[in-house]
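Work through the following exercises with the sequence and the model at hand. Each task is followed by a solution in steps.

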Amino acid sequence: MRAIVGIALAAALLALPGCGTGVPDSAREYLESQANPLDLDQPLANGAVGNVDGYRVFLVGETHTKAKDKQAEKLLVRYFHEYEGVRYLLWETGFGSGLLLDHYLQTGDAEELDFYLEQLNGTMGYTLEERDFWNWLREYNTTLPDQEKLHVVGLDIDHQPETAARGLSLLSDDSAAVGEAFAATLEGARDGDVRALEELGRAIREQTDEARAAFGASYGWAVQFAENFDRTVRYYQGTETEQSSKSNDLRDEAMMSNFRFIAESYPQETFFGEFGSEHIIQSACETEFGSSTYNRFAMRLDAAGSPVAGAVCSILLAHTEQGPLFLRSYSPSNGDLDYRPFEQWFGQDALFSLDETGSPFAAGQNLVNQGADAGLSTTDYFQKLVLLSDSPDCTPLG
């Protein structure tokens with residue numbers, strides 16, 4: 001069956017515009033000069049990812065089911081921390097879930113990580129590799145001085161309400177004197193009562209003094225939490241029945257709102273983020289998972305009016321399996337990209353910086369096949385590509 005699929009994919013690639021005419025010498029020569037072989041068990045050397053000038057946010061786009069992605073992310077987290085001063089990690093998890101993960105990262109409380117993972121049971125995140133990543137990150141964090149320690153922030157809507165509630169409980173002060181009505185709403189929200197979580201935003205808006213007393217210095221975080229849960233409710237009140245691009249738009253809108261809050265809270269910081277690769281594409285295009293009308297998170301980040309407009313670097317993780325033309329990538333997926341320029345590296349793990357001086361991928365060479373603007377180049381969509389070969393699937397917990 002795989003051989004049949006591989007033949008069909010090869011035929012599909014050759015049928016795409018420009019896919020039967022060979023690879024320009026300029027593209028091949030550029031990639032040969034930039035290819036950086038990876039040993040996923042060894043830290044990256046300084047300069048390994050190439051150009052970083054002017055970037056403030058580095059986003060890696062993963063395939064949620066591929067084990068090698070977590071290995072690559074360890075290398076990239078460490079690289080951007082040690083060489084680019086990143087301390088804040090932006091993660092594709094709920095805003096409230098991020099509060100809990102950061103608490104684990106700072107304290108090492110294994111019960112918190114166990115709870116977080118258990119709430120992912122039944123999702124693509126419930127894996128041994130996910131647990132291993134957070135254990136590794138906690139251990140790495142213990143080696144850092146206090147002023148350099150890493151923090152994680154969740155930017156997504158809160159798909160796991162009980163995890164969100166546990167994160168919320170870290171913000172509030174049990175000893176604060178608040179009125180009975182506000183106290184009841186807050187207690188219910190912290191206990192994971194979905195109705196109380198839905199009512200929390202209204203309670204904060206209408207009883208500001210009570211809320212300020214209950215949350216103290218964390219009041220701003222509580223307001224953002226409540227706004228994010230409002231978006232979570234909207235998402236689950238019907239958007240899932242619509243096409244995925246419209247549904248994802250609301251998630252990416254939430255991600256952008258949460259990022260603005262973080263960027264305002266830490267105006268001098270540089271950030272590294274992990275998301276499914278659909279979210280890190282910076283220009284409109286058609287993919288297997290989204291239409292050209294889908295306003296992706298990275299598109300919002302890089303747009304005029306964003307606090308980091310023009311300063312976003314997207315790093316796409318792509319996967320090769322079973323022979324030269326059978327290549328999988330979560331998004332853009334399969335025939336969504338023209339991978340022929342990378343064929344000589346199929347079967348290897350390698351990083352390519354596509355945005356160096358003189359790059360043809362920044363001057364008209366476009367790997368994006370579907371719904372791409374004729375005037376754009378590859379680097380209008382992403383700036384780095386990590387090619388990973390023969391990755392096993394992640395192993396479910398349980």
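**Exercise 1.** Determine whether Cys313 and Cys394 are buried or exposed, and how many disulfides the structure holds.

*Solution.* Buried means under 20% relative accessible area and exposed over 50%, with partly exposed in between (1.4 Å probe, protein chains only). Cys313 has a relative accessible area of 0% and is therefore buried. Cys394, at 15%, is buried as well. A disulfide is a pair of cysteine sulfur atoms within 2.5 Å; the structure holds zero disulfides.

The model is predicted: local features need pLDDT of at least 70, side-chain atom pairs count only at pLDDT 80 or more, and totals for chains, interfaces and linings use all residues. Residues are numbered from 1 along each chain as its sequence is written, and side-chain values use heavy atoms, leaving out hydrogens and water.

**Exercise 2.** Describe the surroundings of Pro37.

*Solution.* Third, list contacts (heavy atoms within 4.5 Å): leaving aside residues up to four places away in sequence, Pro37 touches Asp349 and Ala350. Finally, compare positions: Pro37 and Leu351 are 314 residues apart along the chain, yet 6.4 Å separates their C-alpha atoms.
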